[in-house]
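Let's take a walk through this protein, starting with the whole and then looking at a few of its parts. Keep the model open while you read.

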Amino acid sequence: MKDTVLYIVVPCYNEEPVLAETTARLREKLTGLIGAGKISDESRVLYVNDGSKDNTWALIRKFHEEDGHFSGVNLSRNRGHQNALLAGLETAAKYADAIVSMDADLQDDINAVDEMVDKFHEGCEVVYGVRKARKKDSFFKRWTAEAFYKLTNKMGGNIVFNHADYRLMSRRAVLALSEYRECNLFLRGLVPMIGYKSDLVFYERAERFAGESKYPLKKMLSFAYEGITSLTVTPIKMIRNTGIALIALSVLALAATITLFCLNLLWQGWILLAGAGLLSGIVVLSVGIVGDYVGKTYMESKHRPRYFIADVLNDGRER
């Protein structure tokens, strides 16, 4: 157990207001786990700077110089949370036996790491951090978040309910994840596809102690849409089924129109106009969804790199 090298990967984008406090808390957690003999002294916290516009990278360099237990990866430019997280995971897999990913604001309870490590030692290769409840969320945020998880699962995306990107993965699991080469990343949907032995750890989510959320409502809705369309083709199947249903309704409407014409009881024109407007909206929406899938296919066909690393600060030993 004490030979287990643990890396804690923390993506960072403009995290200057929180990074000092985050570092203090993670240093305490890492020191405690090392002192308890659960992990090796070779364990590290790996910050991933995702093209921040503030002094985030300068702070990461400072923390690394002060304490070798803090490492850093600097991406060449902003690539988004999922790509930054993957860059950290794949870098950490060169050095670590187990990798925990979490956000820089530490709203996810870092004490859950202890139980994650215990489950890793028991043989689990993926341990998901799952929120116990969403009591601190507004009704709207709670309802939309839970609806997203349920909708995604019903559409064929196998994601863990109330789990985001707070998880532990073994080195083998991260290497398996790196075999998924798509550029439209939705890691909370890809990780369960690996299929290795997994378990859950439940925790209470705290308030953000400084700075602003990087996921306002608009961005959350966009992320949810990207996740669904990246994981499953069910929306296209729904469009197909809608088309079949519209054809059936059109046949019935035609029959009804002929009948009413014969009885001199034709419907008022505004009803037909409203129906035509509704059908037009459905058609435009359907074309848009199909267009998104075509666009994703086009981007995947380019096989572009998902990120470039400009600098790495780490004195760990590669495995």
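This is a predicted model: local features need pLDDT of at least 70, side-chain atom pairs count only at pLDDT 80 or more; totals for chains, interfaces and linings use all residues.

## The big picture

Residues are numbered from 1 along each chain as its sequence is written, and side-chain values use heavy atoms, with hydrogens and water left out.

Of the protein's 319 residues, 44% count as buried (buried is under 20% relative accessible area, exposed is over 50%, and partly exposed is in between, with a 1.4 Å probe and protein chains only). You'll find 10 helices and 8 strands; these are DSSP runs numbered from the N terminus, with helices (H or I) of at least four residues and strands (E) of at least two. Take the contacts (heavy atoms within 4.5 Å) with a separation of 6 or more: 83% of them are between residues 24 or more positions apart.

## A strand with two partners

Now look at strand S6, residues 163–170, where 7 of the 8 residues are buried. Two strands pair if DSSP finds at least two bridges between them. S4 (residues 98–101) runs antiparallel to S6, with 4 bridges joining them; here Ala98 has Ser170 as its bridge partner.

S5 (residues 126–131) also runs antiparallel to S6, again with 4 bridges. In this pairing, Val130 sits opposite His163.

## Two helices

Helix H7 (residues 187–194) is mostly covered, with 7 of its 8 residues buried. Among them are Leu187, Arg188, Gly189 and Ile194. Just after H7 comes Gly195, with a positive phi of about 90 degrees.

Helix H1 (residues 16–35) contains Pro17. Is Pro17 buried or exposed? Pro17 counts as exposed because its relative accessible area is 55%. The C-alpha atoms of Pro17 and Asn55 are 9.5 Å apart, although 38 residues separate the two along the chain.

## Cysteines

How many disulfides does the structure hold? The count is 0, where a disulfide is a pair of cysteine sulfur atoms within 2.5 Å. Cys12 counts as buried because its relative accessibility is 1%. Cys124 is buried too, with a relative accessible area of 4%.
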